[in-house]
Amino acid sequence: MFSNLIWMFILLCSSVADDNSVRDADIFPSSPVIERGSSLELSCVLRKNYMPQRNASHIIWKLNDTLIAPENYNIVNDTVSNITIHNFTYSIAYVNCYMKYLDKELPLAHTEVKSGFRPDIPENISCIYFYDVNLTCTWNAGRETSFATNYTLHRKQMHSQYSKSCQNATESCSFFPPDNDYNNDFCFQVKAKNVLGESLTECVPIPLQKIEKFAPPEILSVKKIPGIKQLLTVTWKMPEKIIPLKSIICQLQYRNLYSNFTEFVNVSLNSKKGHVIGSCNLTGLWDSTDYAVAIRCINNESVFWSGWSGEKNGSTEERAPSGKVDLWRVIESSRSSRNRSVHLMWKPLKSFPPSGRILGYKIQYFPEKKTAHKTTNNSTEKKITLLLNEEAHIISVTAYNSAGESPEAILRIPSIDEKSYHVIETVMTSTTNEEVVVQWITSEPETMKYVVEWYEELEMDPFSRSWQYVSNSTEWKNNKKNFKAFVCYNISVYPVYGSNVAAPSYAQIYAQEKKPSEGPVADTGILGKNEVTIKWNEISKAKRNGFITNYTIFYKPEDGKELNETVNSDVLQYKLKSLQANTQYTVQIMASNKAGGTVGEQKTFKTLKFDNEDFFFIAIPVGISVLCLIGLWITCVLKKHAFKKVCWPDIPNPEESLAVEWPLASSMNNSFLKRVSSQTRSVDFEDINVLEYCFPEESQEGSLLINYENHVSECTDISTKDITNRDEKILCNEENEVAKRFSPSMPYIIAEQFTRSQAHSALIPVKEAQPIEMAGNVFCGSQHNQIKNEENYDEEVLKLEDFSEKALFNPYLKNSVNTREFLVSESLPEHSMDEHKSQSNVSPPFQPNVPGQSYVTLDMFRLAKAQ
């Protein structure tokens, strides 16, 4: 084991020493250059002696970091290792040799290898000889060699040893004076050379006169000859540096500016020392036409033309314009007067060939019925505005140049009151991929001429309109490029009869559409409970971008589903129905055309909780109730005396009666009345209630009174306090049998006041007596309660009159009674009450005009019956 450790130490030391010796290895050749496709041979040489384990057998090779197969290696000795690479096709490659030791690859040396081709023999030698300037030759070098190649041009004299050469790295080389002297006995040879080898062409003879090329000539003038039409004279100058004493051919090219047609003319010249001037007449040209002329020349033995001279323009003799101008008008009526503005516009007809250059236009106009009043205006522009009166006018326009005037273009302007009839029934517009198409239907097929006018809808300038005459057709087409996209155009079609223009028919068209730039803004009109009217305005014409086809109303309740309604383009308001009451909605309007739709700004509205019908149904009963109340009030006001008489009848005051005389003085001295008056303070005679009276037979009077006297002592009258408050309550402790003993026909109970010191009597009326069956319930609270007990009775105290002991006849009474008793209040003094219980008086028979006699009036009977 110890020996192994020593051996490893020795190897380690040798590897460290080897690190310092790797730089001593070399590759030969160091930078090889080979022909592409050949074999490459390289050697890696170690410069020092190595231990047996580190010799050339440990060397490996790599090509561009790719290991080369070991079968391509050749170990020459312990320090040299060769490598052979067959069919090397890389233009540039890197080859490295490494020392492999202990599974490591230690780099020793590397080299760059280039491959390419030998130069091919140059071909197609061509030379151009610029007299007294230079001699330049060019050739074709062939394929790319991948290496720098130098070229040498040899110019040899064929019958001598004279030779001159020039070198260049490109495929061209030139000789300059004095090395480019003129001689026809030269041949030219080219040699190409690079690192792999060289190639040489044969000497090619080239005569200099065949390769001469000179500079372009200079055109001096292109002129017309006055009085001679359809002719131009061209003059030019040849360059100075040309081979002398040689024949020269020049070629003239000319074309008119109104067409692309070009013609050529050849002219021969003889060169000599000094300046050479050439001249040529071009004939058969068009009148009044501009021409462009260019010239080039060549030595008649050479193969190279000079370059073209610059073009120079000339115009032939003019003639008067042969065609009428294309005339149109726009009539603008004045609202303030009968004058109108007529805007004339025209354009010269594009005749071929043209007549000449237009210098101006002459405008003449006169009233149709006053030909002598002719007015003439001149203009250099193609438009004019005339102010005409209400009469019909004839207008003519002619174009003129230096040779004369064109024929007149005439239009008739109708009078203001003249009515023009319609010939065209319908105008239809459409578009294709490339064109705008207008078609129309006419009621007079013999009409053979029309004017189609078109302009932007928002264009206000009449001179911005375009027009075109159409003959023998009812269809017109124009390229879409002549129309702006997304812009509405007005199109008018006018029938033309000679100089008369009939009434037009109109149409509109978009050459191209897109969806509107903005949508309509919704506005709420009349709000209701379950419906609302939505209104909106049309989009401005500049933002429609096409014809509006319909409007769509999108509306959505809060937290609900969106709904929509679609209407035609002519509808600008719509009533939404079946809405929810008291609900907030959002609404938007979308305007659509053929290209799409655009939604406007969102608006909100809220439906009402009640609508007009609800208020109507509420108002009707309230109104009726108010009217009824008002009617009832008016009735009460108008009939208050009747109501008062029915509900609160007036009791006649006997004191005011004229039938008898009442002793007022005696009654006022009655001590009892004084006593009562002092206690009750006041007595209201109008509140006295009268018992119903039924007149008994004469035979029954005594018994009724006797029966009543037997029981009257048992009853108690109301207190004076109750009399003062006008509310009395009759108390009775007797049984119902006692109540039955009352006679219902007894109207009054008369009692004599038991006062020792007084001889007079008082009369106290009592409540109306009910029938026998009901009396017990009225006056006595019966236990059987057959009828509801009436507790409150109003009782008023009558003024008591003092009567004499002698009974007098009372005219108010139909029958008399033999006895009378007075009901005395419990509030009276006890001695009076005692006396009342123990005493009764029998009054004498009734006598007329006797004070103190009881009475019943006729009104009382009626009241009793009414009750």
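# A guided tour, from a charged network to a pocket

Start by selecting Glu 368, Arg 412 and Glu 418: in this predicted model, a network of salt bridges links these three residues. Side chains of opposite charge can pair when their charged atoms come close.

Select Arg 319 and Asp 287 next. Their side chains meet in a salt bridge, at 3.5 Å from N to O. This pair links distant parts of the chain, 32 residues apart: Arg 319 sits in the loop between strand E24 (312-315) and E25, and Asp 287 in the loop between strand E22 (277-283) and E23. Asp 287 is buried, with a relative accessible area of 10%, whereas Arg 319 is partly exposed at 24%.

Now move to Glu 456 and Lys 484, another salt bridge, with the closest N and O atoms 3.0 Å apart. Here too distant parts of the chain are linked: Glu 456 belongs to strand E35, while Lys 484 lies in the loop between strand E37 (475-479) and E38, 28 residues apart. Lys 484 is partly exposed, at 48% relative accessibility.

For one more pair, pick Glu 538 and Arg 544, whose closest N and O atoms are 3.8 Å apart in a salt bridge.

**Strand E20 and its partners**

Select residues 247-256, strand E20, where seven of the 10 residues are buried. On one side, nine bridges join E20 to the antiparallel strand E21 (residues 262-270), and a hairpin of five residues connects the two. Look for Cys 250 opposite Val 267 in E21. E20 also pairs with strand E23 (residues 290-299), again antiparallel and over nine bridges; there, Ile 248 stands opposite Asn 299.

Then step back to Met 238, in the loop between strand E19 (231-237) and E20. Met 238 is buried, with a relative accessible area of 2%. Beyond its sequence neighbours, its contacts include Ile 248, Cys 250, Leu 269 and Cys 297. Phe 214 is also in contact with Met 238, and their C-alpha atoms are 9.3 Å apart.

**The largest pocket**

Finish at the largest pocket, with about 680 Å³ of space. Select Arg 329, Ile 331, Pro 414, Ser 420 and Val 501, the closest to its centre among 25 lining residues. Strand E25 (326-333) is one of the elements giving two or more residues to the lining, and its four residues are the largest share. Colour the lining by type to see 13 nonpolar, five polar and seven charged residues.

Terms used. Residues are numbered from 1 along each chain as its sequence is written. This is a predicted model: local features need pLDDT of at least 70, side-chain atom pairs count only at pLDDT 80 or more; totals for chains, interfaces and linings use all residues. Side-chain values use heavy atoms; hydrogens and water are left out. On a 1 Å grid over the protein atoms alone, a cavity is a set of points where a 1.4 Å probe fits but cannot get out, and a pocket is an open set with protein on both sides within 12 Å along at least five of seven lines; lining residues have an atom within 4 Å of a point. Grid points are joined across faces, edges and corners, and a volume is the space filled by probe spheres set on the points. Ala, Val, Leu, Ile, Met, Phe, Trp, Tyr, Cys and Pro count as nonpolar, Asp, Glu, Lys and Arg as charged, and the others, Gly among them, as polar. Buried means under 20% relative accessible area, exposed over 50%, partly exposed in between (1.4 Å probe, protein chains only). Two strands pair if DSSP finds at least two bridges between them. Contact means heavy atoms within 4.5 Å. A salt bridge is a side-chain nitrogen of Lys or Arg within 4 Å of a carboxyl oxygen of Asp or Glu. Lists of a residue's contacts leave out its neighbours within four places in sequence.
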